[in-house]
Amino acid sequence: MARHNLGTVVSFEVTRTLKKKQFWLTTLLVPVVIGIVIALIVLSNTATDSKVDSQKDATLRFTYSDASGYIDPAIATAFGGTLATDPDQAIADVKSGQSAAYFSYPAQPTKEATTAYGADLGIFDNGKYSSVATQLMVASAQEKIGDPTLTGLARGSFQVDAVTYKDGAVSGGILGAIAPLLFLLIFYVVIVMLGNQMLTSTLEEKENRVTEMILTTLNPTTLIMGKIISLFIIGIVQMLVFILPVLFGYLFFRTSLSLPDVDFSQLIVNPGQMVVGALLLIGGFTLFMGTLVAAGAIMPTAKEASQVFGIVMALVFVPLYAVSLVVSDPHALIVQLFTFFPYSAPVTAMLRNGLGSLSPLESGIVIAELFILGGIVLRLAVQLFRYGSVEYTKRVSLRTVFARSRG
Amino acid sequence: MASSLLSSLDKPDQQVVPRKDPRQDSEPLVHISNFRMDFGRTTVIRDLSFDINRGETFGFLGSNGSGKTTTIRALLGIYQPTAGLLHINGKPFSPEDGGTLGYLPEERGLYKKESVIDVMTYFGRLKGLSRSAAHAWSLQYLERVALGDKAKLRLDKLSGGQQQKVQLGVTIMNDPELLILDEPTKGFDPVNRKLLMDIIEDQKRAGATVLMVTHQMEEVERLCDRIVLLKNGTVEAYGTVEDVQEQYGGTVVRIRYTGDIPESPHFTVTLRESSYAELTVTGPIDEAVILRELMDAGVTVREFTAGRPSLDDIFVAVYGDQNPGATAGERTGTAGE
């Protein structure tokens with residue numbers, strides 16, 4: 001049934017939020033910060049790369065000793081090296097400045113450290129000693145192997161694609177977890193960014209003494225639904241604003257940012273997991289928003305209501321303390337508790353759903369629990385708003401509210 | 001719907017064409033019957049019944065905490081009544097009927113961080129006007145109340161009196177059939193009070209029914225056709241102002257005098273000052289008998305008038321025992337709050 005004036009409420013709430021300078025200042029702050037971080041990383045990485053390249057290319061006059069026998073003298077000469085006959089004298093020459101550097105290769109380079117002695121050129125430029133010493137050993141080893149492919153394989157430069165099976169079908173692995181875990185990300189963003197707005201949004205009617213006039217034109221359920229829908233729309237706007245710089249960074253500066261090259265065509269989307277994830281998101285959102293509305297209706301001021309917001313936030317983040325257990329042992333008692341306790345259930349269940357450890361039975365129970373409890377809390381929130389928000393200066397007890405609603 | 005009011009705003013002195021109602025005049029617009037309201041173990045309203053006829057201005061009177069605001073909230077569906085019927089237009093009020101109602105609650109306020117015009121337009125839309133009609137009406141109203149240049153300002157940038165004017169505009173913008181005003185002049189300065197009274201008169205002329213809660217007895221005598229007095233959760237007096245004066249107060253004798261007023265079974269002294277007193281006559285006694293008793297007791301009477309008690313007199317007589325601090329000699333035009 002179409003709700004009387006629902007569209008008007010949504011339109012008013014969305015428009016007035018989007019018209020506020022403060023909304024855009026706080027919303028744009030996140031992408032601006034992300035942009036600055038990206039720029040700094042790109043600049044820093046570019047500087048590092050060019051420095052490393054220039055160090056690679058620089059001709060360093062050095063002496064060396066080779067207990068391992070792997071260093072090819074011809075390559076060493078090409079690098080600018082001279083074999084040292086007396087290691088102590090070579091070190092003394094470096095100390096006195098007569099020699100730029102001295103590399104001491106041990107008998108077993110894979111087990112013992114190679115030591116590079118050199119004049120101090122500053123923290124960053126000192127890196128060129130280890131860089132040249134490493135390059136000399138790598139080039140010598142390559143020469144001994146005689147095959148670049150073998151060299152690459154020996155260095156582990158090859159890819160392994162894992163194909164795993166679950167219930168007879170190919171399971172997704174990490175590529176299968178990405179899509180359903182997006183619901184968890186959305187849940188966090190929505191609750192963290194919009195939770196406080198929801199709390200203060202219903203408090204606004206109370207603090208502004210506008211409840212009675214509003215309730216003669218629409219019922220409290222419509223008002224609260226309108227506020228929740230408008231906050232959801234605002235949340236989408238915020239997420240788009242946040243995602244844009246990340247997308248931009250990924251598309252144009254992926255290498256500079258050292259981001260993995262994700263082949264999105266390889267992502268595995270399991271429809272069952274996606275449906276469960278979406279239902280957990282909606283159920284969890286309903287439960288938390290209903291709770292915040294109820295708190296806003298009971299408390300006389302935003303200051304007092306903020307204490308409730310702190311508790312709600314703690315409940316959202318508590319499951320993360322057990323995240324290693326959620327991954328490694330989803331049947332542990334604490335994980336089971338977090339899975340079924342209503343206020344930790346959304347996060348824990350969405351995480352387990354993404355990792356594929358939430359059974360269909362558990363999914364059904366948690367989804368039913370969230371929707372039933374979310375509905376009850378929303379109804380309670382409506383009652384509290386109806387009766388609590390006309391008690392303009394008092395904190396209202398549940399007993400008082402129920403006494404009024406029973407009449 | 002808003003057009004008739006817009007025209008009345010344009011020409012406030014011009015005669016407004018009354019709304020024609022297809023229903024019979026005998027059918028009350030507001031019908032409250034055997035209303036009871038308990039909050040847990042506390043009974044606020046025991047048994048309340050009264051009707052408000054179409055087109056009349058009705059005064060809903062009572063001392064502080066007597067349950068007036070509770071009754072209005074129950075009538076508007078904000079509270080669920082424990083028992084009884086509370087009907088507007090023959091059925092319980094629902095927000096879908098909000099377009100026919102103008103409600104100015106005792107606790108007032110609007111969205112303070114939004115602009116005046118946005119808030120007015122929003123309420124206009126909630127009451128069923130189109131965005132453009134609500135916007136145009138609001139601008140015209142703001143011009144009338146000298147706030148035309150404040151339309152785009154945030155409400156919290158306006159003075160208290162200016163905010164009251166905006167709230168009043170929001171209350172009447174849908175050309176309401178029923179106007180409920182809970183202590184309408186509370187917090188108004190004399191200028192805004194006159195504006196409010198003018199607007200109520202406009203609404204009355206346009207055929208609106210007005211339910212008014214007030215402690216300003218002179219306003220009641222000036223505006224109200226009928227009244228109800230609420231005491232201890234039930235009706236203490238109900239009818240036209242004259243009926244109530246007749247029903248409750250009987251005759252009041254006002255004298256200017258010197259001497260000592262005697263005790264008498266025929267009257268009680270309800271106000272005594274150094275040379276002025278008001279005596280409430282008990283029973284069907286002729287005023288001449290009272291005059292004779294005073295003169296026989298040696299009182300020199302320089303001026304003697306007999307008439308009905310004012311609503312102030314009645315209010316003090318009815319609620320005086322609930323407010324022991326108020327003595328007869330202290331009473332003024334404002335009773336209660």
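1. A pocket here is an open set of points, on a 1 Å grid over the protein atoms alone, where a 1.4 Å probe fits, with protein on both sides within 12 Å along at least five of seven lines; lining residues have an atom within 4 Å of a point. This is a predicted model, in which local features need pLDDT of at least 70 and side-chain atom pairs count only at pLDDT 80 or more, while totals for chains, interfaces and linings use all residues. Residues are numbered from 1 along each chain as its sequence is written, chains are lettered from A in the order in which they are written, and side-chain values use heavy atoms, without hydrogens and water.

2. The largest pocket has 32 lining residues, and those nearest its centre are A:Lys20, A:Gln22, A:Glu204, B:Lys113 and B:Glu114. Its space is about 1,100 Å³, a volume filled by probe spheres set on grid points joined across faces, edges and corners.

3. Which helix gives the most to this lining? H7(A) does, with 9 residues; helices are DSSP runs (H or I, at least four residues) numbered from the N terminus. By class the lining has 14 charged (Asp, Glu, Lys, Arg), 7 nonpolar (Ala, Val, Leu, Ile, Met, Phe, Trp, Tyr, Cys, Pro) and 11 polar residues (the others, Gly among them).

4. Chain A brings 31 residues to the contact and chain B 36 residues, where contact means heavy atoms within 4.5 Å. Together the two chains bury about 3,100 Å², 59% of it on carbon and sulfur atoms; buried area is the accessible area (1.4 Å probe) lost on being put together, summed over both parts. Of the area that chain A buries against chain B, 22% comes from A:Glu212, A:Met213 and A:Thr216, more than from any other three residues.

5. There are 5 salt bridges between chain A and chain B, each a side-chain nitrogen of Lys or Arg within 4 Å of a carboxyl oxygen of Asp or Glu. One of them pairs B:Asp118 with A:Lys19 (2.8 Å, N to O). Over all chains the count is 23 salt bridges. B:Asp118 lies in helix H3 (residues 116-126) of chain B and A:Lys19 in the loop between H1 and H2 of chain A, so this pair joins two chains.
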